[in-house]
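Subject: Structure for you to look over

Hello,

Here is the structure I said I would pass on. My notes on charged residues follow below it.

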Amino acid sequence: MSLFWIVIRQLAEIEAMAASKKVITREDWEKKLNNVKIRKEDMNKLVMNFLVTEGYVEAAEKFRKESGTEPDIDLATITDRMAVKKAVQSGNVEDAIEKVNDLNPEILDTNPQLFFHLQQQRLIELIRNGKVEEALEFAQEELAPRGEENQSFLEELERTVALLAFEDVSNCPVGELLDISQRLKTASEVNAAILTSQSHEKDPKLPSLLKMLLWAQNQLDEKATYPRIKDLSTAALEDPV
C-alpha cells in the first residue's frame, strides 16, 4: 500500500475515533501511531523524490549509494536543470533560455506563458541595469506583440514598463518586480516546466504530506483534544490540555 493511502486510512480511523469532542491521552495516541506500518522503502522513495525535485543532485547521488534507492530520473539531468534555474536567479535570462532550448526546445515552444515570463524577466533586468532605451526597444519588439494577443500578458507588460516612470523604485507601486523574489518566482516556473517535460512531478511529495498533516490536525481540533504536533521540524507531540 502506498504511503499516501496509508495516511488517508489513518486519517479516517482518527476521524472515527474522534466522533465526539473528547480527550485522547498520549498513551492511546502513541498506541495508535505505533500501529501504523510504513515501509522503509516508501520513506526512502519520499526522500529521493524531494532531493530530485528540488535539485540536490549531490545529496541524491549519496543517498542512492547509501540507501539503494534508485531515482526515477537521470541524475545528470538535474545538473542541467539547476544550471537553468541558477541562470534565472542570477539575472542571466538569455543564458537560461539558451540552456532550456538545449535541454528541450519544445518546452518554450509549447508554453507561451513561460516564454513570456522569461522575456518579462529579461526586461526587468534591463531596467534594473539602467538600460532604458534598450528596455523600451525590447518591450516594443519582443513583448508588445505578445501582449496584443493576450490580455493578461499586456497587463503584466504595462506593470513592468511602469518601473521606468519612477526615479525611486523603492516607493514604486510595482517595485516588487525588482525584488529577488521575482527572479525566484520565474526560476521556479522554469524548473516546474522542465520537470513536467521529463514526465516528473513538478512538486515534491513531502511538503504535500506535511500540508495534509496540518489540515488533518485542524479538522481533528474541532472534535477532540489530543497530542498534536506544533513544530514540524521536531515532530514532537505535545500533551493535550
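Does D42 count as buried or exposed? The model is a predicted one, and in it D42 counts as buried, because its relative accessibility is 11% and the cut-off for buried is under 20%. The side chain of D42 forms a salt bridge with that of R39, at 3.2 Å from N to O. R39 itself is partly exposed, with a relative accessible area of 48%.

Salt bridges

Searching the whole structure gives 12 salt bridges. One of them joins the side chains of E94 and R122, with an N to O distance of 3.0 Å. E94 belongs to helix α6 (residues 93-103) and R122 to helix α8, so this pair ties together parts that are 28 residues apart in sequence. E94 is partly exposed, at a relative accessible area of 47%. R122 also counts as partly exposed, with 24% relative accessibility.

Helix α6 also holds both K99 and D95, which are four residues apart, about one turn of the helix. These two form a salt bridge in which the closest N and O atoms are 3.8 Å apart. K99 has a relative accessible area of 29% and is therefore partly exposed. D95 is partly exposed as well, its relative accessibility being 24%.

Helix α8 covers residues 112-128 and includes Q119. Q119 is buried, with a relative accessible area of 4%. Which residues does Q119 contact, leaving aside its neighbours within four places in sequence? They are I97, F138, E142 and L143.

One of those contacts of Q119, E142, is also part of a negative surface patch. The patch is formed by E142 together with E133, E134, E137 and E141. E133 is located in helix α9, which runs over residues 132-149. Is E133 buried or exposed? E133 counts as exposed, because its relative accessibility is 68% and exposed means over 50%.

For your own pass through the model, two places to start are the pair E94 and R122, which form a salt bridge, and E142, which is in contact with Q119 and belongs to the negative patch.

Regards

How values were computed: Residues numbered from 1 in each chain as written. Predicted model: local features only at pLDDT ≥ 70, side-chain atom pairs only at ≥ 80, totals over all residues. Heavy atoms only, no water. Patch = residues over 30% accessible without salt bridge, like charges linked within 9 Å, V, L, I, M, F, W, Y side chains within 5 Å. Areas by Shrake-Rupley, 256 points an atom, 1.4 Å probe, with all protein chains shown as cover. Salt bridge = Lys/Arg side-chain N within 4 Å of Asp/Glu carboxyl O. Lys, Arg positive; Asp, Glu negative; His and termini not counted. Charge placed at Lys NZ, Arg CZ, Asp CG, Glu CD. Helix = DSSP H or I, 4+ residues; strand = E, 2+ residues; numbered from the N terminus. Buried < 20%, exposed > 50% of the residue type's maximum accessible area, 1.4 Å probe, protein only. Contact = heavy atoms within 4.5 Å.
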